[in-house]
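Please keep the sequence and the model in view while reading.

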Amino acid sequence: MNTKLFRTAGPLALVLAATAPLTSAPAQDRSAAAAVPRAAVRVPCCRCVDGTAQTVRIDTGAASWQVSNPGSTSLGPVANAANVSWVALPPARWVGPPTGGTSTGDFTYQLQIYVPRCTIPSQVRLAGRFAGDNSVRVFFDERRIAASGGTPNYGFLPGSVTPFAVSSLTPGLHTLRVVVTNSGGPTGVIVEAALTATCPREIEQSGA
């Protein structure tokens with residue numbers, strides 16, 4: 001059977017999108033989706049080929065961030081944290097370990113992100129900014145993408161707020177890790193960030 005390539009835009013594209021399933025059908029894709037941790041943030045699939053953008057907030061204080069203490073790989077839920085010296089980054093809130101966290105060393109905060117393999121592919125981007133007490137490194141799938149700017153060891157001040165971004169997320173499960181080094185006293189982190197899935201204005205799709 002020959003395979004035909006369809007390319008469309010405008011009103012006809014909306015018809016194509018409305019009649020197409022929202023996610024791919026292969027069994028391996030369904031199996032992968034079923035194995036995604038419950039706490040992972042899921043990026044929505046496009047429903048229309050109209051160029052719209054869907055935003056998913058992943059701020060600390062709202063998304064299901066987890067944390068591990070220095071010298072441990074055991075992750076647990078974060079707790080709200082506060083200090084008069086810490087900069088505000090609304091709508092995000094400062095979080096820390098549930099014990100209050102005054103130990104020295106690296107506290108690792110983690111959030112998992114799942115990008116499904118959709119029938120209508122989208123451009124998925126991650127962007128945000130962060131601050132932390134005392135200094136911060138940010139990793140995406142084990143690749144370092146940012147580190148605290150501003151005054152060394154004062155990553156919680158307004159001048160130390162640092163941006164980060166990942167321009168394109170591929171389908172699958174991803175891990176965003178924020179490693180906060182505490183040199184003593186209280187510690188915490190704040191991440192103000194979002195995932196943006198931009199739908200195409202036209203699509204190429206093969207079919208029988």
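## Basis of the report

The model is predicted: local features need pLDDT of at least 70, side-chain atom pairs count only at pLDDT 80 or more, and totals for chains, interfaces and linings use all residues. Residues are numbered from 1 along each chain as its sequence is written, and side-chain values use heavy atoms, with hydrogens and water left out.

## Strand β9 and its partners

Strands are DSSP runs of E with at least two residues, numbered from the N terminus. Two strands pair if DSSP finds at least two bridges between them. Strand β9 (residues 123–133) pairs with strand β14 (residues 188–198) in the antiparallel sense over eleven bridges; A131 stands opposite I190 in β14.

β9 also pairs with strand β12 (residues 162–166), again antiparallel, over five bridges. Here F130 stands opposite T162.

## Aromatic rings

The structure holds three aromatic pairs (rings of Phe, Tyr and Trp, the last by its six-membered ring, with centres within 6.5 Å; planes under 30 degrees apart count as stacked, over 60 as edge-to-face and the rest as tilted). The rings of F130 and F164 have centres 6.1 Å apart and planes at 45°, so this pair is tilted. Because F130 lies in β9 and F164 in β12, the pair ties together parts that are 34 residues apart in sequence.

## Residue I58

I58 lies in the loop between β3 (53–57) and β4 (66–68). Its relative accessibility is 0%, so I58 counts as buried (under 20% relative accessible area, 1.4 Å probe, protein chains only).

Conventions. Helix = DSSP H or I, 4+ residues; strand = E, 2+ residues; numbered from the N terminus. Buried < 20%, exposed > 50% of the residue type's maximum accessible area, 1.4 Å probe, protein only.
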